[in-house]
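Morning, everyone. I have one structure to walk through today. Here it is on the screen.

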Amino acid sequence: MSIIKKRLISVINVLEKIAVQSRSFNDYLPIGSSEILVENLSRWGSDEILIQCFDRSKKKLGPNINLLKKITNFKKGTPLIYSGGIRNSFDALEIIKNGADRIMVGYSFFQKLNYDNLTKISNKIGKQSLILSLPIKINKNNFYIYNYVDRNLTDIKKINFDNLDKIVSEILITDMYNEGSYDRFDTRMLKLANIIKIPLIFFGGITSQHKVKKILSHKNVSAVGIGNSLNFKEHAYQSFVLQNRNFFRKTSYAKK
Amino acid sequence: MQKNNNSVFNFCKKCLYSCQHPLGIVIDENGICSGCKIHEEKNTINWNSKWQELKKITQNYKLKKQNFYDCIIPVTGANDSFFVVHVVKNLLKMNPLLVCYNKYWNTPLGIKNLSTLRTKFNCDIIFQNVNPIKVKKITKATLYKLGSIYWHSLSGHTVFPVQISISYKIPLIIWGAHQGLEQVGMYSHYDNVEMSRRYRKNHDLMGVEAENLISSSDNLTEGDIFQYLYPDDHELNKVGTRGIYLGNFIRWDVKEQHEKMIKFYNYKTCKSNRTIDCYDYVDSFNYMNLHDRIKLYKHGFSKITDQLCREIRFNRIDRNSALTMVKRYEQRKSLYEKNFCEWLNINQKSLNYLLDTFKNNKFWKQIDVTRWKFKGLSYHNENMILRKNSAKLKYVQNSKIKVDAKYVTFGKGIKDF
């Protein structure tokens, strides 16, 4: 029986001017140029690339348009999601104009659970181009959104996901405690896929075939995001695809 | 007194690196750089368990028939070559094929060391001698375009082993340490990072692969650069080529390792004019001279800073003494430039003029046409009391290169050492 193919999203974390490995978004190791990473992932046949410039909101710098302009020359048709520093619909439009295919918003929404701003962005660029990012921490089996700028927690129950369904196309759930770890993604996060009817992308500490299979077997999960470990080996992306060939489309260089 | 320690020159509190490192570096909220943090892993890792991990990986590549090669080791006449061959041949009991890219600026010492490698370890070695006319054309192009004389050497050294892996169908390439991990903590030792085309382009080749050179230089043709082209992804995939780094599995300490190699195999070392380290790059006339001068122009620090950051991390020198040493050595004369000008057929004045155009104005202030003031990392890193050198760092110097020595273009062995 054939199943609908899911996506493997390559995640590039950017701190200031360089791509970095991130561990729980507070410990970073330098990797190099974002442009060359994008070029490499595109050549490998990545389904989609997510650029997360996570210091932009904290430093109130707005989106990194210069980086985006450079990157788009290297993506060669690979769909690109941009995230970081997005404040309003004007920023969102600028990002799309400068080569991103979709945008991901986090802080500007969950800071005040501002649906209006999110609706304006969605109206401007279309629901299909908008993803909501929710960094999650689990405490005593309760789910909290972690605000990485103010470092406080918001109970996820405060979000009306029925309203969001009309505004965003997907939600990226990041396991905050385990982001950047070797396969320590907390599978309790999958409970969210029962609560939220919007397609989910899971990210943070997902490195093994076993974990990928467990996550993607869930009907409401559309993709997984892999970050650090794509930088450790040649053809790392293709290896993930091969290990989980039932879920992903074949890449150009994957073995039969 | 501190001259400038704002975010532009944010220095690590432990070593001498700043956030201006060309490989990229992250300095955390406590003022410690990613390189120093990753170095600390060397003191906590269970290296026995790592060694077992390495044995398990390499076991899969050992051939049952002893008449062929188990792996490839890229070698030069210096650096980690002896130690890597020692580990692979004597400790892992593998049969390696040594491969060496001829950079043409070989010192007699480097040739002697290569000869020792072949004979004392009883290994086969393949040299890649690219047509010197092409090498000179490429060197001219990269010098003008990138301000780099070393692009061809770095490119050749990193691509030749991969090409041999494909053509001989030997999947495993064994390298020494990963430069990005050792210097700036690009990866954890636990990541077991392997060789990749992306890293090579980004960091070894300054973002410019061979094919990019043609588009940026009218003088180069495809025929000039084809020996530097990285094999296609399909070919790599078909053979299963992978390059592992021993530094992920062995507590890597270059100084200690070199001293072992001197003792065991009479590895030849010599003094350099621009550093106290006698072990690194003794195979090349240019690495610790002209190339090092260019590094100072472009990046505001020279190789001695890299070497002493390493020694600070191993607690063999304190930060203040290291900074004093750097200031003493980094602007010393670069030797053997006459040889390079003759080899490339350019005159020294033209070379100097050209190199001045690559002086990074973050680190150099022009006073007049010929005079510049250095404002590199050591200039800004004066936030401590300088004192006379109290360092106890000692290096074994068992040989030397004559001032009038010439490039050894091809050589099987040198008797004079």
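Let's start with the interface. This is a predicted model, and in it 30 residues of chain B are in contact with 29 residues of chain A. The area buried between the two chains is about 2,400 Å². Carbon and sulfur atoms give 52% of that area. Which residues of chain B lose the most area to chain A? They are B:Arg198, B:Asp233 and B:Asn237. Together they make up 26% of what the chain B side buries.

How many salt bridges run between chain B and chain A? Five. Here is one you can find on the screen: the side chains of A:Asp27 and B:Lys37 meet at 2.9 Å, N to O. Between chain B and chain A, 13 residue pairs are in polar contact, with both residues at pLDDT 80 or more.

Where does the chain B side come from? Three helices each supply at least two of its residues: helix 1 (34–40), helix 8 (197–204) and helix 11 (233–239). Helix 8 of chain B gives the largest share, five residues. By class, the side of chain B that touches chain A has 11 nonpolar, 11 polar and eight charged residues.

Next, inside chain B. Please look at helix 5, residues 132–146, and helix 16, residues 337–344. Two packed helices are described by the angle between their axes and the distance between the axes. Here the angle is about 115 degrees, and the axes are 10 Å apart. Helix 5 and helix 16 of chain B are therefore roughly perpendicular to each other. Who meets whom? Helix 5 brings B:Val135, B:Lys136, B:Thr139, B:Lys140 and B:Leu143. Helix 16 answers with B:Phe340, B:Trp343 and B:Leu344. That contact has five nonpolar, one polar and two charged residues.

Back to salt bridges, now for the whole model. Over all chains, the structure holds 37. Take one within chain A: the side chains of A:Glu48 and A:Arg7 meet at 2.9 Å, N to O. A:Glu48 lies in strand 4 (residues 48–53) of chain A and A:Arg7 in strand 1 (residues 7–15), so this pair ties together parts that are 41 residues apart in sequence.

Last topic: backbone angles. Most residues other than glycine have a negative phi. Two asparagines in chain B are worth a look. B:Asn79 is not a glycine, yet has a positive phi of about 50 degrees. Where is B:Asn79? In the loop between strand 1 (71–74) and helix 3 (81–91) of chain B. The phi of B:Asn315 is also positive, near 60 degrees. B:Asn315 sits in the loop between helix 14 (303–313) and helix 15 (319–329) of chain B.

That's my tour. Thanks.

Technical notes: Residues numbered from 1 in each chain as written. Chains lettered and ligands numbered in written order. Predicted model: local features only at pLDDT ≥ 70, side-chain atom pairs only at ≥ 80, totals over all residues. Heavy atoms only, no water. Contact = heavy atoms within 4.5 Å. Buried area = accessible area lost by both parts, 1.4 Å probe. Salt bridge = Lys/Arg side-chain N within 4 Å of Asp/Glu carboxyl O. Polar contact = N/O pair within 3.5 Å; in protein donor to acceptor, adjacent residues only side chain to side chain. Helix = DSSP H or I, 4+ residues; strand = E, 2+ residues; numbered from the N terminus. Nonpolar A, V, L, I, M, F, W, Y, C, P; charged D, E, K, R; others polar. Axes fitted to C-alpha atoms, helices over the stretch in contact; angles between N-to-C directions. Parallel < 35°, antiparallel > 145°, perpendicular 65-115°, else oblique.
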